[in-house]
Amino acid sequence: SVAYYRDSGVRPMADIDLMVPHAQAAAAVARLASGGWTPVRPRVADLIRYQHSVRMLHGTGEALDLHWHVLAECVRRDADEGFWGRAIPIRILDADTRSLGPTDALLHTIVHGMRWNEEPTIRWVADAMAILNSSADAIDWIGLEREARAQRVVLRVRTGLAYLRHRMGAQIPEFAMRRLEMAPVAGIERLEYRVLTLGAEGGRALQPGHLLLVTVQYLRYISGKSFVQVLRETPAYLRYRLRGRQGPFFDAARLVLRGIRTLFPHRVASGAR
């Protein structure tokens, strides 16, 4: 709103989103808690390890989302180093802070917007056009493609840019589209795209915690890891995901987890630390 819209009053917002470096997430939650903010989900340490943000509420009814990763799907500890390095200074009221640079803001807007939501996310189109109209000369198209590949979100970025170009007349260079069309798309991206867009055609949408969604999130979490890393980290991840879940699949998963802990007690204990 501040960085890319001429009039911030035209961009509706229901809360505020703050981001801190991953290493400072726990300290940020504690500092907010001392000011009357309460996380809406327990076990914040697990959230910091496996999620990208936590929603916090104040006694006054105000809400904020505290992030330690930019993208919900990309929760590696080093996933955001490039975003921080390219951040631009902005001023909100009397506070000096930073915001995503135009290239990263465009990537984030598309990736976040391409996820179907019961509350229409069509505002991603307006946000993307505001970024392009105000900062087109500052977009690093090669850098955008490089970051999309690094974060494994090529399919969504390519699809979103194609929509903006063909339906909104966005001035996106031909070479940028060619680079994205030639970029390899990881298998997890294709599966993730199909799952995250369920409901977009009027069918039944997935709710948080649904088996398909949990499975895709797990596959994303272990993608790129070695077999030894997967074996070491899976039990702790399953404990986090299975806690409080009901149903035959989750019961079966608990049996599998107990079997892993029996067969590989040392590896499991090492992964839990």
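Predicted model: local features only at pLDDT ≥ 70, side-chain atom pairs only at ≥ 80, totals over all residues.
Local features were taken at pLDDT of at least 70 and side-chain atom pairs at pLDDT 80 or more, whereas totals for chains, interfaces and linings use all residues. Residues are numbered from 1 along each chain as its sequence is written, and side-chain values use heavy atoms, with hydrogens and water left out.

Helices and strands are DSSP runs numbered from the N terminus (helices: H or I, at least four residues; strands: E, at least two). Axes are lines fitted to C-alpha atoms, for helices over the stretch in contact, and angles between N-to-C directions run from 0 to 180 degrees. Angles under 35 degrees count as roughly parallel, over 145 as roughly antiparallel, 65 to 115 as roughly perpendicular and the rest as oblique. Helix α7 (residues 154–167) and helix α4 (residues 102–113) have axes that come within 9 Å and cross at roughly 95 degrees; the two helices are therefore roughly perpendicular. On the α4 side, L106, L107, I110 and V111 meet R156, V157, G160, L161 and L164 of α7 (contact: heavy atoms within 4.5 Å). The axis of α7 also comes within 8 Å of that of helix α9 (residues 187–196), with a crossing angle of roughly 60 degrees, so α7 and α9 are oblique to each other. Here V154, L155, R156 and T159 of α7 meet E189, R190, E192, Y193 and L196 of α9.

E73 lies in the loop between β4 (63–67) and α3 (81–85). Its relative accessible area is 10%, and E73 is therefore buried (buried: under 20% relative accessible area; exposed: over 50%; partly exposed: in between; 1.4 Å probe, protein chains only). Apart from neighbours within four places in sequence, E73 contacts V111, R115, R156, E192, L196 and R220. A network of salt bridges links E73 with R156, E192 and R220 (salt bridge: a side-chain nitrogen of Lys or Arg within 4 Å of a carboxyl oxygen of Asp or Glu).

By this rule, 14 salt bridges are counted. In the pair formed by D127 and R11, the closest N and O atoms are 2.8 Å apart. D127 belongs to helix α5 (residues 123–135) and R11 to the segment before β1 (16–19), so this pair ties together parts that are 116 residues apart in sequence. D127 is buried at a relative accessible area of 12%, and R11 is buried at 17%.

A salt bridge between D65 and R55 has its closest N and O atoms 2.9 Å apart. This pair links distant parts of the chain, with D65 in strand β4 and R55 in strand β3 (residues 53–58), 10 residues apart. D65 is buried at 15% relative accessibility, while R55 is partly exposed at 34%.

For the salt bridge of R86 with E147, the closest N and O atoms are 2.9 Å apart. This pair links the loop between α3 and β5, which holds R86, to helix α6 (residues 141–151), which holds E147, across 61 residues. R86 is partly exposed, with a relative accessible area of 37%, and E147 is buried, with 12%.

On the surface, V2, I92 and L93 form a nonpolar patch with about 300 Å² of accessible area together. Patches consist of residues with over 30% relative accessible area and no salt bridge, like charges being joined within 9 Å and nonpolar side chains (Val, Leu, Ile, Met, Phe, Trp, Tyr) within 5 Å. Accessible areas come from the Shrake-Rupley method with a 1.4 Å probe, and for residues only the protein chains shown count as cover.
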